[in-house]
Amino acid sequence: MPSRRTHANSHHGCAQCKQRRIKCNEARPMCASCQKKKIKCSFNSHGTLTAAHYRAGKLDGRVDSLGYESSQLHLLDLELLNHWHVATVQTLVHAQSAEKVLREFVPQVALSHPFLMHSLLALSALHLSHHGPVERRHQYTEVAMTHNNISLSLCTPLLNNVTPENCHALFAFACFVATFSFAAHGPKVNPRAQSVSAVLEVFKLVRGAASIVAEARPWIEAGGMRDLLQVGRQPRQTSKTANVWELYARIRRINNDQARSAEADCYDRTGSVVEFAIQKLLELLQLSTTAENPTSTMLRWPAVVNVEFFDLLLEDNTNALVLLAYYGVALDMMIESWWMDGWGMFLVNVSLGRLGLESGPELAWAQKAINGDNDASYPGSSHLRVAVNR
């Protein structure tokens, strides 16, 4: 009589196969035998990963005990996570304490908040789409957009419910999505999309990030992400900050014109909205010349102006558009980051395109300043119109 074929004993089979004393292939959540008989399958222990698991996973297309949808690793996502650690982080911050937060603390938090992980991977992919191999940049861009869309869909329901538990993830997400939007909507990505609407789409995301900070600042300052309150820190460019005072003087003259119009009784709500935006830009310019983090300082402006200022931009208000162009000059002077590349010229060109022949000497100067013209100056005071335009 032929001897019975033996097999290795298994201690991790399902309860049903053990009760019937038959071999279990240990596939989870349902082994092959129970699946064939269409009966309930249950395991009394999680067991260890054996060759049987791999074989079962290959047969039924999943290794559910590990949470994978397939037996293949998502190598592209692993590439993005590696690129985040070795390259992307150092382009976002320069302080070692902030780098440590982005490399260690944020990914750890993202493991519990998928929307943050998708946002992190989106930003890493977008960085690769700018600086990675040319032949793969289109692929990286598509992956970046996919991760960003998933992140936004997952996070939207949480934005009205900021808590001590989720505030750190939401804060990091807000920083990442604003950075992503500057990079994804900039002139380097889509040079034809030079519209006020495209600008305001990004500005509103900056305001959203600021609102989360305002609501959760005490919690953030007490947690592991407190150094991210200065995300975007970088060394000052002395040669450029020296030119800020020329810009400051020109904006100051605009402010004086606004004050004179108020004294002449031709001042209305539009004038007050523009004047407030001017004052805030002056404050931030002055602060940026001494602050360690001019990037985050200058990026506050869209968040601190009155929301009615955005309406004036859509209405082609001359004063508002000139101020937008001057803000572009400020960004060009103060910020040198891949995700802000070209935004200064972008804002100046948007204003020039909207005003056309009515742009006047103010925008002519802004254009020269953006182009690096050392003679970007003209005598006399600003002739900025203070009446309501169109």
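About 20,200 Å² of accessible surface belongs to the protein chain, and carbon and sulfur atoms contribute 52% of that. Keep in mind as you look around that this is a predicted model. The secondary structure is quick to list: 18 helices and zero strands. Of the chain's 390 residues, 46% count as buried. If you take the contacts with a separation of 6 or more, 70% of them join residues 24 or more positions apart.

Let's start with helix 6, residues 114–131.

Two of its helix partners are worth a look. With helix 8 (167–185), helix 6 packs at an angle of about 25°, the axes being 9 Å apart. Since angles under 35 degrees count as roughly parallel, helix 6 and helix 8 are therefore roughly parallel to each other. The crossing of helix 6 past helix 8 is left-handed. On the helix 6 side, the contact is made by Phe-115, Leu-116, Ser-119, Leu-120, Ala-122, Leu-123, Leu-126 and His-130. Helix 8 answers with a list that includes Ala-169, Phe-173, Phe-176, Val-177, Phe-180 and Ala-184.

Now jump along the chain to helix 17, residues 343–355. Its 13 residues should span 18 Å at 1.5 Å a residue, and its end C-alpha atoms are 18 Å apart, which agrees. The buried residues here are Trp-343, Gly-344, Phe-346, Leu-347, Val-348, Val-350, Ser-351, Leu-352 and Leu-355. What covers them? The cover includes helix 8, helix 9 (196–221), helix 16 (318–334) and helix 18 (360–370).

After helix 17 comes Gly-356, with a positive phi near 60°. Further on is helix 18, and the axes of helix 17 and helix 18 come within 10 Å and cross at roughly 155°. Angles over 145 degrees count as roughly antiparallel, and the two helices are therefore roughly antiparallel to each other. Helix 17 passes helix 18 in a left-handed crossing. Gly-344, Met-345, Val-348, Ser-351, Leu-352 and Leu-355 make the contact from helix 17, while Leu-363, Ala-366, Gln-367 and Ile-370 make it from helix 18.

Helix 12 (residues 269–288) includes Arg-269. Arg-269 is partly exposed, at a relative accessible area of 45%. Leaving out residues up to four places away in sequence, Arg-269 touches Asn-306 and Glu-308. Glu-308 is 39 residues from Arg-269 in sequence, with a C-alpha to C-alpha distance of 9.6 Å. Ile-278 is in helix 12 too, but it counts as buried, at 0% relative accessibility. Its C-alpha atom is separated by 9.9 Å from that of Asn-319, 41 residues apart along the chain.

Finally, a couple of backbone details. Most residues other than glycine have a negative phi, and most peptide bonds are trans. Arg-21, though, has a positive phi near 60°. Arg-21 sits in the loop between helix 1 (15–20) and helix 2, and it counts as exposed at 78% relative accessibility. In helix 2 (residues 32–37) you will find Ser-33, which is buried, with a relative accessible area of 15%. Beyond its neighbours within four places in sequence, Ser-33 is in contact with Cys-17, Arg-20 and Ile-22.

Asp-316 is also not a glycine and has a positive phi of about 60°. Is Asp-316 buried or exposed? This residue, in the loop between helix 15 (308–314) and helix 16, is buried, with a relative accessible area of 13%.

Conventions:
Residues numbered from 1 in each chain as written. Predicted model: local features only at pLDDT ≥ 70, side-chain atom pairs only at ≥ 80, totals over all residues. Heavy atoms only, no water. Helix = DSSP H or I, 4+ residues; strand = E, 2+ residues; numbered from the N terminus. Buried < 20%, exposed > 50% of the residue type's maximum accessible area, 1.4 Å probe, protein only. Contact = heavy atoms within 4.5 Å. Areas by Shrake-Rupley, 256 points an atom, 1.4 Å probe, with all protein chains shown as cover. Expected span 1.5 Å × (residues − 1). Axes fitted to C-alpha atoms, helices over the stretch in contact; angles between N-to-C directions. Parallel < 35°, antiparallel > 145°, perpendicular 65-115°, else oblique. Left-handed = near helix turned anticlockwise from the far one by under 90°.
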